[in-house]
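The sequence and the model are shown first.

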Amino acid sequence: MRNAAGARAGRSRSPKNPSWAVREGAWKLLGNPQDTSVKAPIAKEDQLFLVNPAEDVGETKNVAREHPEVVKRLQKLHEEWVEEVQEQ
């Protein structure tokens, strides 16, 4: 689903998996990510996991600390999307 800014947002449909993701441009922010591949163990501090898939195809390096402004912007887009869906 795209919001007014053209960003894509989504949430897992499974109530057991509260994971969500937002993509905008080169960035992808994952909330409550889960590593099903066991290639990149996710630490507790990785609850917001920011990647640039063009630079990290495997999406294994969390660059959230290096780009807090991107995290904040994408997190806001996710929150707006959640509000929009709840209003429907």
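## A strand covered on both faces

In this predicted model, strand β3 is covered on both of its faces: Trp27, Leu29 and Gly31 lie on one side, Lys28 and Leu30 lie on the other, and all are buried. Buried here means a relative accessible area under 20%. Because five of the five residues of β3 (residues 27-31) are buried, the strand is largely enclosed by the rest of the structure.

## Pairing with β2

Strand β2, residues 20-24, pairs with β3 in the antiparallel sense over five bridges. Within this pairing, Arg23 has Lys28 of β3 as its bridge partner.

The hairpin of β2 and β3 has two residues between the strands, and Gly25 takes a positive phi near 55° in this hairpin.

## Pairing with β4

Strand β3 also pairs in the antiparallel sense with strand β4, residues 48-51, over four bridges. Here Lys28 stands opposite Val51 of β4.

## The nonpolar core

The largest nonpolar core consists of eleven residues: Trp20, Val22, Trp27, Leu29, Leu50, Val63, Ala64, Val70, Val71, Leu74 and Leu77. Two or more residues of this core are given by each of β2, β3 and α1 (68-87). Helix α1 provides the largest share, four residues.

Trp27 and Leu29, which belong to this core, are on one side of β3 together with Gly31.

Note on methods: Residues are numbered from 1 along each chain as its sequence is written. This is a predicted model: local features need pLDDT of at least 70, side-chain atom pairs count only at pLDDT 80 or more; totals for chains, interfaces and linings use all residues. Side-chain values use heavy atoms; hydrogens and water are left out. Buried means under 20% relative accessible area, exposed over 50%, partly exposed in between (1.4 Å probe, protein chains only). Two strands pair if DSSP finds at least two bridges between them. A nonpolar core is a set of buried Ala, Val, Leu, Ile, Met, Phe, Trp, Tyr and Cys residues joined through side-chain atoms within 4.5 Å.
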